[in-house]
Amino acid sequence: MYLRSDERGPAMTNRLALRIALFGGVAVVLFGVLFFRLWLLQVIDGEKYLAEAKNNRTRSFRTSAPRGEIQYRNGKVLVANRTSLALQVNPRKLPSDLRERRAELAKLAALTHSTLKRVRKTMHEELKLAPAAPVTLRRDVGHDLVYYLQENQARFPGVEVERVFVRDYPDGTLAAHILGTVGEVTEEQLKEPRFRGLQPGDEIGQGGIEDTYDRFLRGKPGLTRVQVDALGEPTPNGRLFTEAPSPGDNLKLSIDEKVQVAGEAALAERGLPGGFITMDVHTGEILGLGSFPTFEPALFTRPLTQAQVDETYRSPAAPLLDRVTNGLYPTGSTFKLITALAALESGKLQLGEVIDDPGVLEIGGQEFKNAGEAANGAVSLVQALEVSSDVFFYTLGYRMWNTGELQRWAHALGIGRPTGIDLPVEDETLLPSQHWRNQLYKEGGTDRPWSAGDNVQLATGQGDLQTNPLQMAVAYATLANGGTVVTPHLGKEIDDPAGRVLKEIDPKPQRHIHINPEYRAAILEGLHDAAQNGGGTSFEVFGDFPIPVAGKTGTAQRPPHLDQSWYGVLAPYPNPRIVTFVTMEEGGFGAESAAPAARKILEAYFAKELAHDASTEEEESEG
Amino acid sequence: MYATRARRARPEPFAVHPGIAERLGLPYMDGTLAISAAALVAFSVFTLAQATKQDVPGSPYYFVDRQAIYGVLGIVAMYLLTRIDYSRFRELRVGIYTFLCVSISLVFVFGFAARGSRRSFELPFFSFQPSELGKVLLVLALAGFVIDGARNGSEWQRTVRYLCLGLFPAALVFLQPDLGTALVYGAITLAVMYVGGVRWTHFAVIGAAFVALTVAVLVVAPAVGTPVLKGYQEQRLTSFLHPSADPSDAGYQQNQAKIAIGSGEKTGRGDRATQTRLNFVPERHTDFIFAVIGERYGFMGAALVLSLYALLIWRALRIVTLSKNSYGTLVAGGIAGMLLFQVFVNVGMNLGIMPITGIPLPLMSYGGSSVLATFVAVGVLQSIHMQARLSQKGRFAW
């Protein structure tokens, strides 16, 4: 007790020593944990974290590439690009205050003639696809609006204007049905292998040849990678990498401008829903393809108004439907060419054989009559084609009713099966057969099995047959070229932006079939007489046409509609280069609507020859 | 012969002619302790110089200049404390304790509010945060109470008394609100009690109570509808258990700090550092400065810093054993506990194994109050060391 406790020597008892030793032990353990963790993060997993850090601080901006042009076969531009201004909202730069944010979006909605609800929906959907990326509110905004926004930038934080490429159609509605449109890639499409590497917001061809040849037309977007900070703002001098966008390649079509213009004009002149196709019989190159009524492809480069939606999507005239490739019609007598070939090739008809046509054929108590109940008397094949004797072909149909030969030949010529055309959609067509109807009957889809009457109907392009001008054109071309089933195609070549040819588009024929040249000659003769011999069905239309042609009319009964007018023509006879098919719904007799339109198309195609003929005639008359 | 004597200049046994070093007391200081502390603050200035150039527009050396001044002031304060016999503080314990509590309380009245909490006074040159210096004051006062009360009351009464004395200022700090510093106060209290010889059974009871309290605060209170912690505090405390991708979220910050440190690999990224340079890691000059070191200087730099802390704490523990009296033992123990707790929690938070609690890294994190307080603590350690050395030599202090 002499010393105060704090003046005694070091108060180290054993107990205290133990406690301090334990304290030191805990310190050693804690430092061990820290060192181990540090070593784990930096030495063992360092590479992983370095990659994460690098990934963290860069952001890539894509600059869209101009899409390739689409041209006529002569190089004239059919579809080009123009730049347009798109209104974008950067969600990160919008006011964080909810009320201010709402007010700004409402103002933007008013300026873009939209509603707050729609703007929010767009933003919500886009942000789901690409979080934190700018959202395009409206494409193709006017300069007035852009100037207004720029002048009042302070009032619209987060609003940006971007220059984008938009499709431009200098020829208006021309070839609208084959072109298709361009639009943002959808969520489903991104999963397809052909769109690998694309990102939400990238534009691709949607439908038509824009879709088929998308990989050539698309081009490669440019890429700018910049360093960003934690808020996603680019840092000064932070540009790491820039790759300029490379424009898409140009697509040259086989479409002949003159033919296309003439065909569409002919359809529009008559004003009936219908379509035409003109194709090279040897190569399958399509020189013209049009459908009526038509539409403005430019319509789809900006948001549609309700009136426009009603007009395009809900109109009974279905302007968006391509009646040439996706129509489903009976063909009427234009089918007789196929029946004739099938009967000859399968031995059910001999060349020169004469069949009596009293105007009516009775099979199993059912009467099949000629159109207008005309009686043609005894007719050979050539005469039967010339006057379009139904009874003659009813007879052939009856002869083959349960042999399947008619179906086999029609199928071989391409009826009821995809043609392989370079368009994304070909509808399911129907070539009625014994097997098909009996199957349907078994399943309860119809009230009777296959009968002779079905085949008799098919022989004249009636009954259950559902095909379209494209398939008929292929069938006619096959006969005309002597047996090659061509692959119809619209694309002719791919050129790079400088105009050098990168790729010739020349799809292989679908198949070859053997056609007896004598049969071919006889059938073509019949068709030639039908068009240009005195008693022929389309003599009125083609009788004075200076170039020899072979053409067949068709008048398809399609209740409850009025008769549908058809015309198929091969020219020049006897060695045709092209086939033209025209159909017009409710157009009446073949010679009434379709044939005159076909003549206009041929006039356009043979314009040079016709001009030459005219001048020599003049010379002759002068001489 | 005479000349030889003169050359050797051996002082006569009883005539003292102390040299300059002797006069300054340098031989009696713990050189390793002083050097490791000075090295840490130097490393801090060096790191801030490289990492915070762009932080304050127009003054690239804003943080560097200030931290350097705090460092120098701290070293001076450390030296001055070295020359004072720490035992005086024992006598002043009531005054120190009162000053501690009053200064913390005054913050509520005159304090400067930053980010929703009042922790500091705004002075002309810097903002002074009393709770930082309070850490040392608490050690000094509490150690005094423990020594003094060693004979009063039963063991349980004493334990409860120490706890109350320690936790009262902790509660004041918690209300500022400053959860991190409150936890440091708690750690200090436990460290002093531990070295002071409180029974293991008592610690077991305290531990059980702590677990119960944690459950009550984090689980029961929010469920009943009377949350004790502020939302962000609770989120920070639990976020290291579930990292998140939301940049405004505590889990995101911790994940970014982890990426920063990991990406430093063995030798660091230097000026190519991105995580801590481009704001991915928040508070990079204060709470997350260890992440900056990890990214910029890699394992080599981070391990060097950790080694300096290990050295610091080793010397502190050594001084615990050297102390000439129990008061010194308790004070050194409290300071050692304080330093160990802060280093482990802060570095652990940077490494993603401890919750975010807002505890600065002593001597490294930018901040005058923290740097000064830590140097004061080291100065007290030096004083204990010097007194021990002097008493070993059989001498009294000046």
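**Salt bridges in the model**

Reply: Let's begin with one residue: in this predicted model, A:Glu603 is partly exposed, with a relative accessible area of 31%.

Me: ok, which residue does A:Glu603 form a salt bridge with?
Reply: A:Arg599, and the closest N and O atoms are 2.8 Å apart.

Me: is A:Arg599 buried or exposed?
Reply: Buried, since its relative accessible area is 17% and the cut-off for buried is under 20%.

Me: how many salt bridges are there over all chains?
Reply: The structure holds 34.

Me: what does A:Arg73 pair with?
Reply: The side chain of A:Arg73 meets that of A:Glu285 in a salt bridge, at 3.1 Å from N to O. A:Arg73 is in the loop between strand 2 (70-71) and strand 3 (77-89), and A:Glu285 is in the loop between strand 11 (274-280) and strand 12 (286-292), so the pair ties together parts of chain A that are 212 residues apart in sequence.

Me: how accessible are A:Arg73 and A:Glu285?
Reply: A:Arg73 is partly exposed at 27% relative accessible area, whereas A:Glu285 is buried at 11%.

Me: new topic. where are A:Glu405 and A:Lys348?
Reply: A:Glu405 is in helix 16 (residues 405-412) of chain A, and A:Lys348 is in the loop between helix 13 (336-345) and strand 13 (355-357), 57 residues apart. Their side chains meet in a salt bridge of 3.1 Å, N to O.

Notes. Residues are numbered from 1 along each chain as its sequence is written. Chains are lettered from A and ligands numbered from 1 in the order in which they are written. This is a predicted model: local features need pLDDT of at least 70, side-chain atom pairs count only at pLDDT 80 or more; totals for chains, interfaces and linings use all residues. Side-chain values use heavy atoms; hydrogens and water are left out. A salt bridge is a side-chain nitrogen of Lys or Arg within 4 Å of a carboxyl oxygen of Asp or Glu. Helices (H or I, at least four residues) and strands (E, at least two) are DSSP runs, numbered from the N terminus. Buried means under 20% relative accessible area, exposed over 50%, partly exposed in between (1.4 Å probe, protein chains only).
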